[in-house]
Every structure is written in structure tokens, then in C-alpha cells.
Amino acid sequence: MPLRPWGFNMVEAPEPFITSTWQLQRCMTDLILNAEGAKAFAADPKAFGAERSLGKADQAALETFQSRLLTYRGLARNALEDPLPDCFPITHTLLEGAELWDACLDAFLASRTIQSPYYRDVNPAFVTWLANSTWGQDRWPFLLQLAHFEYIEVEILRWPDDPLSKELKTKPTADGQVVFGGATRNLAYAYRVHEATKEDPKPTAGETFLLGYRDTEGDFNYSELSAHASAFLARCMEDEPIGTAASVLNLELEEVLDLLSGFRAKGAIEGFR
Amino acid sequence: MNPFTGVGVGLRRPHLQQVAALASSPVPFWEIAPENVVGQGGSRHRQVMKILERDPIITHGLSMSIGGFDAWDRDVLENLKGFLKETQSPWHSEHLCWSSFGGATTHELLPMPFTRDSVRHTVERAKRLQAELPVPFLFENVSYYACLGVSEMSEKDFFAEVLEGADCGWLLDINNIYVNSRNHGFDAKEWLEGMPLERVQQMHIAGHTWYEDDQIIIDTHGAPVIDPVIELMQWVLPRIGRPVPVLLERDNEIPELEVLLAERVSLQKAYDDAFATVGVQHG
């Protein structure tokens, strides 16, 4: 389907649903989510409406309520921006410092990546948009990975609780399998993202393997892993028997059993079967 | 005793730990958004669930975009239905507005055009949603800052026609009526007269913010309720003639729990006074 001149991933409704209400909502969405749309509307609301097939009476109404309609862009922008600095404090600090936070937000909103009705999904939508758009990553190649690690903390904290299982064993065995906590994430980055801070938001380059998990207190925690330990845990996550996974990677069985027992004590692993 | 009367409070994240630790509920009822609870886990979620099991709850939705055109996500709808059954909410409410278009969500309460086409469209969507839900559905009147397109009727007539057409209940937000009356220059009491008050099942009350530069009041829920809004609540309650529950909303600049509960007590007194003067019994 060809895009209209104003289109940003514009979705066309099937013919029977194109009504005046539909046209007005399409127009308003353009005004709210697209910086270019808002600029065009501010310059000439009647022309903005005409380009979007509105009738003359509706065009005139856009002009009458021009400033108030622009208020809605500010409100929507605030609503969508609000959760981001809390979830991405370091990314936010970095971009604010470079005076690019507003540009980043404009590009994010214009992408229309936020589709979930759940407000909490604004945060993962931001990471998805960074991944798809590669925005800012010429200048900061670590940006996506930094934002991802910041989001993972929120995801782990809020991940649905695991149903209690009485069937699981408390000690790992060579022929057993590992049952990880549902919130546990085996993470690999090309930057030391976990060392970035608001004071020093640019992580240094370096292969980094982390196991993120919700600990026994219900808090977010992570442990740094060796490349081998990360590969071993990845195999365990695929339900490979512990002994097989250790053998394939030439790891000492006693060492991996200790590793797994340690992670069970921390809350990253539910148990073994 | 019917718990759904008097003045309740919107349950908010900063207060969860403190409220969950209480031996009993400090309010007649809480209001909660299902979208903020379903599909979640962790310690905060456990605090919410503890409160939901202990205290009476009314649900209020934020994201169905009933005036919009996007199809509802089946999983979201099923989650909502399950939550309503689980919490035994007496009804479920949503705003008469739209918030998403073409798959993109704005998370803002956007105004409907005040037109016959818009009435027809919204009534049809509301009927479809009501048919899905296990509890009665209420529409909330919203604050609107601009008319979207040319109006064929007043906002008041638009809202009344949708309520009647969809045959659903009304969550009367008294602050929204006050905000609209100030922003659009009409008399709030005149707006309420002639409206189908028999459809009111619940009320919302909240604070707002005046922006001098833009000469506009925004429904921020970020300040205490002002006296004219409390007086409007007291004016309309006897006209409704039933002790419908009133919910104090606070979403920004959220104060300590004790401060919010003190405001609730003050509103409860105003609520009781409104009925005492006309001799209506409640409880």
C-alpha cells in the first residue's frame, strides 16, 4: 500500500470505515505523534486539514481550536515521556547532556512503535524502536545495549511470579535439568553496560556476560559470568541435561554444580528436575 | 453495609507497601486500573494482590479507546474480563474518548467529534464492549480542551446521546465538568440539569492545574480538590438522590498516604453534609 505524502506507517481503514470521525482521528494522530505534522498544523491548520481530506467546516474548526489542539500534542508527549526517565535513567542523562533527549523523543513518537494498550509497555517499545531505528547509534554504538540493560531491570522486577512447584529438587545432578526463575535472563553485551552510571553514562567496550534475576528478597540483581558459564547456562535454559552441557563445553562437573547451587540460593534458579 | 458508597481513593503505586501493611482498609473502597495489575509479578504486585483480597475494589479502565477504531486485542480483553470476575468489581468504567489510531497508542484521552457519526460509532463500540464484559459498563465524561472538527451538537448532548444509545451507566467526573465549564465558558450546573442523572453509578473528584500562559485548566489530578468542585459535588449528589460512591483521584504530585487520607476524610464530611441537608439516608 503506497504511503500518503504525510504518512508515517499510516494504516488505512477498509473502505466502509472511512467516516468523518475516522478522518478527524487520523488528522489528530498526525498532529500529536509527528513533529513535522505539528509544525505544519501550527503554520496553517486549514491547509493541514485539507491535505488530510477534511471538509471546509472541519478545516475551519481546526483553525478555531489551533492552540488548544496543539496542547494535546504536549499532553500526549508528556504521557509517553513520563515513564522513560525512570526506566532509563542513564540513557536519559546521556541524551539530556547532549541536548538530544527531545529529538530522540520526537523520533520515537513519530515511529508509532507504541501499540500496546498497557502503559508499562512504553518502556519495551522504546528499546524496540532503538533496535529497529538504530537512532543515535552512529554516535553512541552502545546506546541500544545500555537501554536494554536498563529496561531488563524493570522487566525482571515486574515479571509474573512463578507458580510454586513442589516437584523440584533442591540439588543439581549430572543427569538433571535446571528450572530457572521465570524472570531470570542470560544476557550478553559488547559493552560494560552494568558499569555505566549517571555520572559516567558511557560504558567501555568489552564482552560482558550477565545473569539478571529476581533475588530471594524480590529485588533485581545480577551476576557477571564468564563466557563459558554463560554458554553453559544458555544450554541449560534449552533443557539440556546438566552433565551434557558441561561436557560439551569441557567444564568440570563439580564446578557447574556449585555454580547452579549458588544461583539457586540467590533466587535465579527455582530448582532442578 | 454496602461498601460502594461514601468517598474512596484511587490506589497508587507509592502507597502500596504502606496500604498492604495495614490491618484493615482505611477507605470504604479503592479504585484500580486493571491494566496496571494484570500480567505483572514481583513484590509490588504481591502487595496489590493482598489489598485486592482484603478490601472492596472498583475497576476503572484507561486504554480501551472506545471512541477509536482499532480492534481490541483479544488477550487484553480476556485479561480484563478475568480481572473483573476475580475482583468482583460491581462495574467497570472507561472514558468517552479515543486514545489510539492505526495501531499507534497515544495514552492520552483525546476528544471525540461532537457529531451524529461519532455518536453512532461510539454507541456501537460501547454496546460491543458491554456485551463482552461480565459486569455493567459505565462511561466517564472527560475533560476536553478543544473540539475535534465542526460540532453538530453540544458536548452535553453528545454525551447524553451516547449514554442513552449505548444504554450504559455514567461515571460522573465532577472535576471534568468544572474544568470544561471554565475552559469553554459555560455554567456547570446548567450543564448538569437535564442530564440523565438516573444513570450515574459513581463519581470522580480530583484536583486540576491552571496554566496562566495558555489560559487553560488541565485536568492534571495533581493538586487537592478545590472548594468550587466540592460544592458542585454537594449540589449534584442530592439531585442524583442516591449515595453513589465518589472516588478521589490523584495521579501527579502524589502526597504521602496520610495527606491523601486526610483529604478523603474532608471530602467524606462534605459528602455526608450534602445528604444530611436533604435527609437522604445512606450506608
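A crossing of two helices is right-handed if the near helix is turned clockwise from the far one by less than a right angle. In this predicted model, such a right-handed crossing is found where helix 6 of chain B passes helix 8 of chain B. The axes of helix 6 (residues 174–184) and helix 8 (residues 227–240) of chain B come within 9 Å and cross at roughly 120°. Since angles of 65 to 115 degrees count as roughly perpendicular and those over 145 as roughly antiparallel, helix 6 of chain B is therefore oblique to helix 8 of chain B. On the side of helix 6, the contact is made by B:Ile174, B:Asn175 and B:Tyr178, and helix 8 contributes B:Pro228, B:Val229, B:Leu232, B:Met233 and B:Val236.

Beyond its neighbours within four places in sequence, B:Met233 is in contact with B:Ile174, B:Met203, B:Ile205, B:Val246 and B:Ala270.

Turning to chain A as a whole, its secondary structure comprises 13 helices and five strands. Chain A is more spread out than a compact globule, because its radius of gyration of 25 Å is well over the 19 Å that the globule rule gives for 273 residues. Its C-alpha trace spans about 80 × 45 × 35 Å along the principal axes, and 38% of its residues are buried.

Methods:
Residues numbered from 1 in each chain as written. Chains lettered and ligands numbered in written order. Predicted model: local features only at pLDDT ≥ 70, side-chain atom pairs only at ≥ 80, totals over all residues. Helix = DSSP H or I, 4+ residues; strand = E, 2+ residues; numbered from the N terminus. Rg over C-alpha atoms; globule rule 2.2 N^0.38 Å. Buried ≥ 20, exposed ≤ 12 C-beta atoms within 10 Å, placed from the backbone. Contact = placed C-beta atoms within 7 Å. Axes fitted to C-alpha atoms, helices over the stretch in contact; angles between N-to-C directions. Parallel < 35°, antiparallel > 145°, perpendicular 65-115°, else oblique.
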